[in-house]
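Subject: Structure handover

Dear colleague,

Please find the structure below, followed by my notes on what was found in it.

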Protein chains: 2
Amino acid sequence: MVTLNDVAKKANVSKMTVSRVINHPEQVTDELKQLVFEAMQELNYRPNAAAKALANKRTQIIKLLILEEMDTTEPYYMFLLAGIANELDKHAYSLQLLTHRNIQIGDSDGYIVCGMRQKDIPLIQGLKKPTIIYGENETGMDYVDSNNEESMKKATEYGIKMNYESIVYIGIDVDECFAHSRERGYVKTMEKYGREATIYRLTNRSRYSAAFIKENWHTFSPNTLFICASDRLGLGIIREIKEQGGDIPNDYGVIGHDGVFLDQIAYPHLTTLKQATTEMGAACARMVLNKVKENGKEQGNQLFDTELKIGGTTRNK
Amino acid sequence: MVTLNDVAKKANVSKMTVSRVINHPEQVTDELKQLVFEAMQELNYRPNAAAKALANKRTQIIKLLILEEMDTTEPYYMFLLAGIANELDKHAYSLQLLTHRNIQIGDSDGYIVCGMRQKDIPLIQGLKKPTIIYGENETGMDYVDSNNEESMKKATEYGIKMNYESIVYIGIDVDECFAHSRERGYVKTMEKYGREATIYRLTNRSRYSAAFIKENWHTFSPNTLFICASDRLGLGIIREIKEQGGDIPNDYGVIGHDGVFLDQIAYPHLTTLKQATTEMGAACARMVLNKVKENGKEQGNQLFDTELKIGGTTRNK
DNA sequence: CAATAAGTTGTTACCGCTAACACATTTTTG
DNA sequence: CAAAAATGTGTTAGCGGTAACAACTTATTG
């Protein structure tokens, strides 16, 4: 294993200079920096994370708290995780995953929290290390999320452009920011075009949205678009429209939200607002590492645009 | 932060004795052990992973290689990951996740590999640290997997018990162990009961299994059970049987395999062989840590039984 | 029962890296 | 142009553990 010392000898400088080149390059003259870089290159030096951690009184570990029940959770966590893990990797950080069942708040340099609901807020606010939330919230804590309002605006405008006579919103009946933002995106856009908003709120399960359609089928005349707050709701809607003999996409349109896995399981493929899940994961990781570096300084929020991914559940013209 | 030294002082022994109590308890008298345990308890001592790693020339990191494309991958990885992560946590180990796009074989104490196909074998065999494979294979490398053969045996026997006149197997058309084992479970059981095996092999996508049913619908008279090598295939089959007007579960039965997420998305819920995914993840973690401790000694294989989880796609009597 | 082995605990040095300080050397300043 | 300030580099000590060895006590043996 190549150590700082090896590099130092090769470059004819002290260990400390090499360490400085890595951590405080501005304190070293360009000349020496050059020498050190070359030595590092030649020896293929890789810093030892454990030694670094020990000297800095850090852990080089970020904990990811998943507060939702995974059994019922969309598979997008996988992508989020991949994004986080890859980014952490680049900075010689590693990951510990905690589920709601296994919250051992052990040692780490910071936290990323997903699936936080109102009831979890006290727990999270009690954390003593830099924390980033995945998912918008009003607690003032730094967060990363999709631009939920903009996302639904995009869907609604698409529906208007495609001349759906009626555009109905199927929301999720939870009192959480993301749900409100999505709904707001729909409502504002409908207002803007002088259309009347029609909103239903359901539990986020396909069987509920299917049951809802069954029960209210008479209400929805052809030429209706259902904009759903999740792909899961969209799935149930498609299922029951087919069951009722409705024609998708000619008479009925369905747009989902999330664009991870489920949209592709649907038949036909669900038109959806695809979230940049992996990128958001990377952003969470970058934010938390930055917050660690800056001793917990507030990082603000970061919103990511979604992409309207046209599938077979909306008409093209 | 509480250190070894603090504990040592409290217990009136040397650092080394405390260290021994943790790592080589058999070398310490019961008397001192007792004292040290009490001191650790009272001070709530938590070992510092970085220091341990540095002193042992270890990294306290296990890398998880996911070689499959995640976009098309069943969400069970999430559960596997949770199992791995929790177990590693208990041993002050943390995780680095590498995807096929990001294979930077940096420093770690060992590897867990998932989604390995034939083509990946050379890469994996080249790894220089203890490695455990998730998924059966014939390379002689230690692995953890479901008992695939037994699993399909269970499904087939259930079909026989439920008096399905015809029991058809829908396999996955890949040349991998798990696929062969599942098929073998079906074939052997059919043989055992003097029934004729009927096997089709398809690409593991619901649209292919749906297309297959459409094309061959006339072949399948009522009272047929489809045993599928994956829930995904099962999903397509259900979809097209419904499309063709077939009656599930009275005339047609469908059994899937995996039991993660997809079975619950199906309507009605898919009868499936549920894998003990989280437990298998924990087993992978334990095995690799043990292998690290024993300097790479072979660990053998570990098979986990699946559970036949009855859904709405098979009849009860 | 002396010589030797076995068992138990403490001491020392080191794992690889960095902060804090010490020491030159150069630049700025009145 | 001497004193003070700024700059660049090296030295030292220590982060929290562990292996290897030393030192001492207690069993075993012929």
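By class, the surface near DNA strand C has 14 nonpolar, nine polar and three charged residues, where Ala, Val, Leu, Ile, Met, Phe, Trp, Tyr, Cys and Pro count as nonpolar, Asp, Glu, Lys and Arg as charged, and the others, Gly among them, as polar. This is a predicted model, in which local features need pLDDT of at least 70 and side-chain atom pairs count only at pLDDT 80 or more, while totals for chains, interfaces and linings use all residues. Residues are numbered from 1 along each chain as its sequence is written, and chains are lettered from A and ligands numbered from 1 in the order in which they are written.

In total, 26 residues surround DNA strand C, and the closest are A:Leu4, A:Ser19, A:Asn48, A:Ala51 and A:Ala55 (near means that the C-beta atom, placed from the backbone, lies within 6 Å). Helices H2 (15-23) and H4 (49-56) of chain A, and likewise H2 (15-23) and H4 (49-56) of chain B, each supply at least two residues of this surface (helices, H or I with at least four residues, and strands, E with at least two, are DSSP runs numbered from the N terminus).

Turning to the two chains, 34 residues of chain A are in contact with 34 residues of chain B, contact meaning C-beta atoms, placed from the backbone, within 7 Å. On the side of chain A that touches chain B, H5(A) gives the most, with eight residues, and the residues there divide into 21 nonpolar, nine polar and four charged.

Best wishes
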